Amino acid sequence: MPDRRPQRTRQLLRDALTALILERGYDDITIQDITDKANLGRATFYLHYRDKEELLTKSLEEVFDDLKARIPKPSKEAFLMGANPAALIVFEHVAENSDLYRVMLKAQAVAGLLKSVREYIAANVEERFHMVFPKDADIPYTLLSNYCAGVVITLATWWLENDMPHPPEEMAHTYNRLIATGIIGFLNEKDLISQLSK
C-alpha cells in the first residue's frame, strides 16, 4: 500500500498557503506562517518545497493539470450540435477549486500560470475551429480562439469575485451563447447560430 503521508502533507501546506493568501495577500506571508497554519515543522516544509513560490506554483500546476485531464478531445459532431462540454467542465472545476482559482487571479507571482491557462484554452478552441472549418475566416483562428479564452477567464473572474451567484451550468450556457453568436458570423456559417445557441 502506497504511503499517502507525503500527499497529505502537501495538501496541508497547500491549504494553509491558500487560506493565508486570501486572508493577507501573498507578499507578507512567510514559510513560518505557512507551517504554523498547517501545524507542521519548517523542516517538513523543506522536504517538499524549496520556498513559498514553489509551493504556490506546484499547487496551481496540479489544479491546472487536473483541468486539462478532464477536458475531452474536440469533436466535430459535438461542435455542430452546439454541445461544448469543455465550458461546463471549466466552470465546474472553478467551483470545485474556487479558493485556488481566487489565489491564481489575486497573486501577482503566478501571472505566468494564468497565461498558461489562457493559452491552453485558446489552443483547445483553435483545434475545434480547424476540425469543423478547414480554412481561416476573415479573422485568423488564433485571434478568435484567444478571444474565446479571454471571455471564459473574464466570466470566471467575475463569477468568483461575486461568490458564484449562478450555477456552473448557467455560466457554461451563457458562455456558449456568447461565443456562438459572436464567432459564427466570422466563420460565414450563420445557419449554425441557432443550433450553437441552444
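Is tyrosine 120 buried, partly exposed or exposed? Tyrosine 120 is partly exposed, at 22% relative accessibility; buried means under 20% relative accessible area, exposed over 50%, and partly exposed in between (1.4 Å probe, protein chains only).

## Basis

The model is predicted: local features need pLDDT of at least 70, side-chain atom pairs count only at pLDDT 80 or more, and totals for chains, interfaces and linings use all residues. Residues are numbered from 1 along each chain as its sequence is written, and side-chain values use heavy atoms, with hydrogens and water left out.

## Aromatic pairs

Rings of Phe, Tyr and Trp (its six-membered ring) pair if their centres lie within 6.5 Å; planes under 30 degrees apart count as stacked, over 60 as edge-to-face and the rest as tilted. The count is 4 aromatic pairs. One of them joins phenylalanine 45 and tyrosine 46 edge-to-face, with 5.4 Å centre to centre and 80° between the planes. Phenylalanine 45 is buried at 0% relative accessibility, and tyrosine 46 is partly exposed at 41%.

Phenylalanine 64 and tyrosine 120 also form an edge-to-face pair, at 5.8 Å centre to centre and 85° between the planes. Phenylalanine 64 belongs to helix H4 (residues 52-70) and tyrosine 120 to helix H8 (residues 111-132), so this pair ties together parts 56 residues apart in sequence. Helices are DSSP runs (H or I, at least four residues), numbered from the N terminus.

## Charges over rings

The charged end of lysine 68 sits over the ring of phenylalanine 64, 5.1 Å from its centre. The criterion is NZ of Lys or CZ of Arg within 6 Å of the ring centre and within 35 degrees of the ring normal. Lysine 52 lies over the face of tyrosine 26, at 4.3 Å from the ring centre.

Technical notes:
Helix = DSSP H or I, 4+ residues; strand = E, 2+ residues; numbered from the N terminus.
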